[in-house]
Amino acid sequence: MSDFIYNNFIWFSVSAISVSLIALIVGMLFTVKEEKTKQIAKAILVFLALVALGMSDNIKHLNFVGFAHALIAFVITFFATKHFRTQVAYLLWVPCLLIAILLIFNLLNTGIGLELFGRWN
């Protein structure tokens with residue numbers, strides 16, 4: 001199972017991030033009633049912040065700062081979905097899901113986490 005996740009995580013995560021970002025932009029365009037450009041810009045910035053937190057070396061190496069980054073990502077997403085008040089904002093949970101998959105995989109495979117397989121060295 002570890003080999004399957006390792007071999008497919010990068011493909012899955014890039015696909016999920018790409019599709020959800022495009023859907024977020026298009027969905028915000030159609031669902032937001034006023035200040036569309038401002039709301040879309042905010043959503044893109046929040047999405048990019050979540051992706052940047054997910055790409056943190058600290059998350060990949062399972063240290064305290066990595067768990068703090070994951071917690072910050074979840075809190076940002078929680079408040080952003082409340083702020084945007086549209087169903088499309090739930091796409092912000094996609095990067096958080098990928099962070100959770102990465103953390104769970106690394107916790108279950110201590111010593112051979114995704115970062116030690118050589119993909120991110």
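Leaving aside neighbours within four places in sequence, M28 is in contact (heavy atoms within 4.5 Å) with Q39, I40, A43, F84, T86 and V88. M28 also belongs to the largest nonpolar core, a set of 23 residues, where it is listed with L24, L50, A73, F84, L92 and I99 as touching the most other members. A nonpolar core here is a set of buried Ala, Val, Leu, Ile, Met, Phe, Trp, Tyr and Cys residues joined through side-chain atoms within 4.5 Å. Buried stands for under 20% relative accessible area, exposed for over 50%, and partly exposed for values in between (1.4 Å probe, protein chains only). Helices α1 (2-31), α2 (36-54), α4 (64-84) and α5 (93-108) each supply at least two residues of this core, and the largest share, six residues, comes from α2.

The structure is predicted, so local features need pLDDT of at least 70 and side-chain atom pairs count only at pLDDT 80 or more, while totals for chains, interfaces and linings use all residues. Residues are numbered from 1 along each chain as its sequence is written, and side-chain values use heavy atoms, with hydrogens and water left out.

The chain holds five helices and zero strands, and from the N terminus on its elements run α-α-α-α-α. These elements are DSSP runs numbered from the N terminus, helices being H or I of at least four residues and strands E of at least two. Of the 121 residues, 37% count as buried. Among contacts between residues at least 6 apart in sequence, 63% join residues at least 24 apart. The accessible surface comes to about 7,300 Å², and 71% of it belongs to carbon and sulfur atoms; the areas come from the Shrake-Rupley method with a 1.4 Å probe, and for residues only the protein chains shown count as cover.

Helix α4 deserves a look of its own. With 21 residues, α4 reaches 30 Å from its first C-alpha to its last, close to the 30 Å expected at 1.5 Å a residue; the expected span is 1.5 Å times one less than the number of residues. Buried in α4 are G66, H69, A70, A73, T77, A80, T81 and F84. These residues lie on the same side of α4, because they cover an arc of only 100° around the axis, the arc being that of the directions from the helix axis to the C-beta atoms. The face turned away from this buried side carries the exposed residues F64, L71, F79 and K82. T81 has a relative accessible area of 11% and is therefore buried; beyond its neighbours within four places in sequence, T81 is in contact with A89, Y90 and W93. Just after α4, R85 takes a positive phi of about 50°.

Two aromatic pairs are found in the whole structure. Rings of Phe, Tyr and Trp (its six-membered ring) pair if their centres lie within 6.5 Å; planes under 30 degrees apart count as stacked, over 60 as edge-to-face and the rest as tilted. F74 and W93 form a tilted pair, 6.2 Å centre to centre with 35° between the planes. This pair links distant parts of the chain, with F74 in helix α4 and W93 in helix α5, 19 residues apart. F74 is partly exposed at 29% relative accessible area, and W93 is partly exposed at 29%. The rings of F78 and F79 have centres 5.3 Å apart and planes at 75°, so this pair is edge-to-face. F78 is partly exposed at 39%, whereas F79 is exposed at 52%.
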